[in-house]
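Colleague: I'd like to learn how to read a strand and its surroundings in a model like this one. Could you walk me through it?

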Amino acid sequence: MTDHSPAQPGETLLILGAGLVGSAAAVTFARRGFKVTLMDRDLPGSGASHGNAGGIVPSASPLAQPGLPFDVPKMLFDPLGPLSLKPLQAIKSFPWFLRFLKECSAARAEENSIALYALTRDAAPAWKELVRGTPAESLLRDVGWLKVYSSEDGFRNHAPERDFLTRRGAPLELLSQDELRRMEPNLAKFFVRAMWQPDGLFVRNPRRLCEIMAETARVLGAAVLQEQATDLAVQPDGRVVVATDRAIHRPDRVMICAGAYSKRFAKQLGAAPMLVAERGYHAMFDVPEKGLERPVFWVENSMVLCPMEHGMRLTTQSEFADIDAPPDFRRLERLVAEAGRMLPGLDTTIRDRWMGRRPSTPDSLPYLGPAPATPRAYFNFGHNHLGLTLSAVSARRAADAWMDAWTGRNDHSSHDLSKYRALR
């Protein structure tokens, strides 16, 4: 008979995936008294957590929006466009794309916006709480999230996203050209408008943040293992046996935080999540003499310049391809010249380039909650473009829900995770 007893301090918790989502969960649960093991086939922060734009963004705009399907053909044929889709992947992921089209209805997009912002609105405070007293405090900067427009048409076309934010009550400021120049004087002068979200944070080195979180968990007593999980098996009592390339583990609880690779594990736990690997790219340049104070998103080109502590980063692209297909850097390289236009004086000699896999869902909502096969397994994956943003708050919501179930209390009204469960 499956054991439905609530999670409680002192139990062993195995977390599969040592990216930012898994590492944040490891620290959170170790602080709450769980005996944590953080496991990944690679070193902490080696996956999608390594190469993002560094934004902790209070977003309320799901990717699936009314009108977007009509823009897709133009995006696909634009060599500088943000979207690329391999034909074979379109066939393999047809159910995902069909569901995405459904989520583009006005009613579904509004519902998804409400659910998404219920998480992201607490993202910055959750991260500040999580890193307090650790070396990671110095990596977080209170500079907000800035989107810039190079044309009045671009500003008008972007109105639906601003409307989502406004309806959620999210803070935002619209900046004139002069106000933008005062905020970022080194940006090119052709940008005509901007939108600034002042409650966003910027992480100057996401990979180092992940490494610090994993080390913080270790200091708190967690084991950090480099092993590749090969099989999960649910026992009659509901416990999950985890087989790896090195050992067999029998923890009291399991949490799946394996990003785009979570789908296989979720299937072994009774779920069939709508999840694809949406690949993103970055290029690194040397730090310019006249740089930026914060990440800046050029809306018309769907690209971000990010002033990392180790160089200027260009991030871009949504590419749908097989999860293990080799990277295709052609679109990234075509945008390098645009990075030079965006920030005059930037040496656009590419120092390094990278591809990572985002775990994307059709409705832009993550999977958070118990697995169908057993309440002793928990899903914490599918954070789309918001893995960094949602890592700390997802871990806190899970911990609050588990602790309240154990104590019989219900003091955390914000931890209702029903909209993020595996069956939706």
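**A covered strand and its neighbours**

Modeller: Let's begin with strand β17, residues 303-308, which is mostly covered: six of its six residues are buried. Keep in mind that this is a predicted model.

Colleague: Which residues of β17 sit on one side, and which on the other?

Modeller: The general idea comes first: in a regular strand, side chains alternate between the two faces of the sheet. In β17, Met-303, Leu-305 and Pro-307 are on one side, with Val-304, Cys-306 and Met-308 on the other. Both faces are covered, and all of these residues are buried.

Colleague: How many bridges join β16 to β17?

Modeller: Three, and the two strands run antiparallel, with β16 covering residues 296-298. For a pair to look at, take Trp-298, whose bridge partner in β17 is Met-303. β16 and β17 form a hairpin with four residues between them.

Colleague: What about the other neighbour, β18?

Modeller: β18 spans residues 311-320 and is joined to β17 by six bridges, again antiparallel. Here Pro-307 has Met-312 as its bridge partner in β18. β17 and β18 also form a hairpin, with two residues between them.

Colleague: Where does Asn-384 lie, and is Asn-384 buried or exposed?

Modeller: Asn-384 is in the loop between β21 and α14, the latter being residues 387-407. Its phi is positive too, about 55 degrees, and Asn-384 is not a glycine either. With a relative accessible area of 6%, Asn-384 is buried; the cut-off for buried is under 20%.

Colleague: Now for sheets. In what order do the strands of the open sheet with β3 come?

Modeller: The order is β3-β9-β5, three strands with antiparallel pairing. β3 (55-56) and β5 (140-141) are the edge strands, each pairing on one side only. Two bridges link β5 to β9, residues 201-203, in the antiparallel sense.

Colleague: Let's zoom out. How many helices and strands does the protein have?

Modeller: There are 14 helices and 21 strands. The radius of gyration is 21 Å, close to the 22 Å that the globule rule gives for 424 residues, so the protein is as compact as a globular protein of that length. The C-alpha trace spans about 65 × 45 × 40 Å along its principal axes.

Colleague: What share of the residues is buried?

Modeller: Buried residues are 56% of the 424. Of the contacts with a separation of 6 or more, 76% come from residues 24 or more positions apart.

Colleague: And the surface and charges?

Modeller: The accessible surface is about 17,400 Å², and 54% of that belongs to carbon and sulfur atoms. As for charge, count 53 positive and 48 negative side chains, with the centres of the two sets 2 Å apart.

Definitions and conventions:
Residues are numbered from 1 along each chain as its sequence is written. This is a predicted model: local features need pLDDT of at least 70, side-chain atom pairs count only at pLDDT 80 or more; totals for chains, interfaces and linings use all residues. Side-chain values use heavy atoms; hydrogens and water are left out. Buried means under 20% relative accessible area, exposed over 50%, partly exposed in between (1.4 Å probe, protein chains only). Two strands pair if DSSP finds at least two bridges between them. The radius of gyration is taken over C-alpha atoms; the globule rule is 2.2 Å times the number of residues to the power 0.38. Contact means heavy atoms within 4.5 Å. Accessible areas come from the Shrake-Rupley method with a 1.4 Å probe; for residues, only the protein chains shown count as cover. Lys and Arg count as positive and Asp and Glu as negative; His and the chain ends are not counted. The place of a charge is taken as NZ of Lys, CZ of Arg, CG of Asp or CD of Glu.
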